[in-house]
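This briefing concerns a set of local contacts and one class of ring pairing. Please consult the sequence and the structure shown here.

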Amino acid sequence: MAKWLIAAGLLLLLLGLILHYAPGLLSWFGKLPGDIRIDSERSRTFIPITSMIILSVLLTILLNLFRR
């Protein structure tokens, strides 16, 4: 359990550093075809379907690599 928490912490730290020092590197995330964005006068709705599918696949691959 401790190893998983350390790995998750390092991953979050790395992601935070990337977002802080290179914000344009992940600017494509959330703007993919299949991500639904509905803007009206009173509200905004954003449903990142494609982005979440890609994130799920990447996390599944990473977790399977760490598990073996």
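Helices (H or I, at least four residues) and strands (E, at least two) are DSSP runs, numbered from the N terminus. Asp35 lies in the loop between helix H1 (2–21) and strand E1 (36–39). The model is predicted: local features need pLDDT of at least 70, side-chain atom pairs count only at pLDDT 80 or more, and totals for chains, interfaces and linings use all residues. Residues are numbered from 1 along each chain as its sequence is written, and side-chain values use heavy atoms, with hydrogens and water left out.

**Asp35**

- Asp35 is buried (under 20% relative accessible area; exposed is over 50%, partly exposed in between; 1.4 Å probe, protein chains only).
- Residues up to four places away in sequence aside, Asp35 is in contact (heavy atoms within 4.5 Å) with Gly30, Phe46, Ile47, Pro48, Ile49, Thr50 and Ser51.

**Ser51**

- Ser51 belongs to helix H2 and is buried because its relative accessibility is 0%.
- The side chains of Ser51 and Asp35 form a polar contact of 2.7 Å (a pair of N or O atoms within 3.5 Å; within protein, one must be able to donate a hydrogen and the other to accept it, and residues adjacent in sequence count only if both atoms are side-chain atoms).
- A polar atom of the Ser51 side chain also lies 3.1 Å from the backbone nitrogen of Gly30.
- Beyond its neighbours within four places in sequence, Ser51 touches Phe29, Gly30, Leu32 and Asp35.

**Ile49**

- Ile49 lies in helix H2, which covers residues 49–67, and is partly exposed because its relative accessibility is 38%.
- The backbone nitrogen of Ile49 is 3.4 Å from a polar atom of the Asp35 side chain.
- Not counting residues up to four places away in sequence, Ile49 touches Gly34, Asp35 and Ile36.

**Aromatic pair**

- Rings of Phe, Tyr and Trp (its six-membered ring) pair if their centres lie within 6.5 Å; planes under 30 degrees apart count as stacked, over 60 as edge-to-face and the rest as tilted.
- By this rule there is one aromatic pair.
- The ring centres of Trp28 and Phe29 are 5.7 Å apart and their planes stand at 80°, so the pair is edge-to-face.
- Trp28 is partly exposed at 40% relative accessible area, and Phe29 is partly exposed at 33%.

Methods. Lys, Arg positive; Asp, Glu negative; His and termini not counted. Salt bridge = Lys/Arg side-chain N within 4 Å of Asp/Glu carboxyl O.
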